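Please read them with the model open.

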Amino acid sequence: GQIKQNKTQKTHKKTKNTIATTPSMGPRTAFLDTLFKDIGLAVADQTPSNDFPHELKQLEGGKVHVDLLNNNNSQYYGDFTIGNPGQRFTAVFDTGSAITWVPGKKCGSDTCTEHHRLDSTSSSTFSAARDAPPGSIHYGTGEVKYDVGQDTISFCDSHDNAGCHGKSKHSLKVPKQLVGTSTEQTSYPFRILPFDGILGLAPSGSPGSVMHQLKAAKALDKNLLGVYLSEDTHRSGSMDFGGVDLSHIQKGSPLTWHPISTDKEWIVGLKDILVNGEPLHVCENRPDGVCPAVVDTGSSLVTGPESEISGLLSKIGTSDDCSNLGAMPTISLQLLDKKGDVVNFPLRPEEYTLKTLEEQPNSGGSDYQNEFPVLGKGGTAPIVNPHCEPGIGVMDVPGRKWVIGDTFLRRYYSIYDDDHGQVGFVRSIHPDETPTVPSSGASTGVVAQKNVQASLHPLLALLPPSASSSKHSMNSNKNRSTTTTTTTNTLTPFASKTKPPHSQPTTTTATTTCLQTRSGSSSAPSPEVAQARRRYWARFL
């Protein structure tokens, strides 16, 4: 359920405490009302269990709805076109990045030719970007070198204008968008990536972001994004430009807004993490007791610095064979909302665990004829075993930022409101779920309480440079670090991004190490952290 306590008022009047009911409380409202009054609480204004909050209904319907392909619950990528006539590309729709880049025609390696490449000479709307020299980005084990230009990016509605072959009015154009066109890409890991590049969707304060240009062009009535990430790898997620898709939101679930601390990144305040309701005090040594956390659709996991997240990993204790899944605890992320209250976002074990089925090597066989298997005749079926890994990881980066990635964003529909500088969360609903919020607040609801303020399957993850590092040549700096987790033979990106103050573009190369031990410490990592590292690096391609 959702429990909310108003901030303490410095007045002689008695503080009013409220508890907002959740959909599952509908039949018991009268009883709860009486009970709460007996203990000094009152039932707050509530959203009917069969309806959406009024504020949410006002956001319904964006200009275009773009499907996002789910790649093993590790990355979500969609289609768009660049130029006139449009050249089609597939990229990770990344709220943690302010850079958009794709392979360029100048890149003649197999890595580039096996992907879509932008031919700028074939676009009537392409022009070279002023004062933007060639740049480079380091991605863990890979590197991209690129030229910078600007062109029109177009998004077509996946329902009414799929492939841009349907109703032309159901499209969105972003003129003069900065685009990096690669001139060189290392074979590893880019050659085997199933997408072409990155679509940067950081807030509009980052000049290289698509959101910046959308706002400048006044292309949307509301400068916001509604994002649904599917949990079934056979179903698509989606991103709505300019609105939200209510069909992916649980009716009756409360919508909470969380202010961002800068206009260049979707950074919200993380207060703490609970394990079965018990606080870990992970941010108690931070200024005001709050950790900065980037809400990032381009990162697979929820990550944090080793010194703060190792305690959480030790309490989760994920077994490789999934045998202890039912005994694992519920964890809750505590985020500060726009009123300064702490809101709990619970995740059940099956929601923060990445579970896959893996075939045991050499456990099956079939009859062969001339080196070709004979299908449907003879042979033995392979042994298939479940495999589990935590959707939570260690990542030490400059700025000591946490990352709220896809592990969290699959459970909660996210709304990126650039007009008001805030991120909204509301419980999502997946096709295989029944449209009823369980009564246990520990397992699903959103809990708000008084805030006591103290003052790559191989995917890339850009590695954050130090604060004294440099600015990106496209007026932004996408910094991520790559480690791996999850399914067999696929890439998992997760990491943190930090963007230094923007100025005139300069050519830079950002490099750091990933999964480093805490700064200044020579002690060995804890067994839980070491195990997490082994899991990730064992699958790091």
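1. A salt bridge here is a side-chain nitrogen of Lys or Arg within 4 Å of a carboxyl oxygen of Asp or Glu. By that rule, Arg348, Glu350, Glu351, Arg411 and Glu433 are linked in a network. The structure holds 15 salt bridges.

2. On sources: this is a predicted model, where local features need pLDDT of at least 70, side-chain atom pairs count only at pLDDT 80 or more, and totals for chains, interfaces and linings use all residues. Residues are numbered from 1 along each chain as its sequence is written, and side-chain values use heavy atoms, with hydrogens and water left out.

3. Glu433 pairs with Arg411, the closest N and O atoms being 2.8 Å apart. Glu433 lies in the loop between E29 and E30, and Arg411 in the loop between helix H8 (406–409) and strand E28 (412–417), so the bridge ties together parts 22 residues apart in sequence. Both Glu433 and Arg411 are buried (under 20% relative accessible area; exposed is over 50%, partly exposed in between; 1.4 Å probe, protein chains only). Helices (H or I, at least four residues) and strands (E, at least two) are DSSP runs, numbered from the N terminus.

4. Glu308 and Arg286 form a salt bridge at 2.7 Å, N to O. Glu308 sits in helix H6 (residues 306–316), Arg286 in the loop between strand E17 (278–279) and strand E18 (291–295). Both residues are buried.

5. Asp432 and Arg235 meet at 3.7 Å, N to O. The two are 197 residues apart. Asp432 is exposed, at 59% relative accessible area; Arg235 is partly exposed, at 37%.
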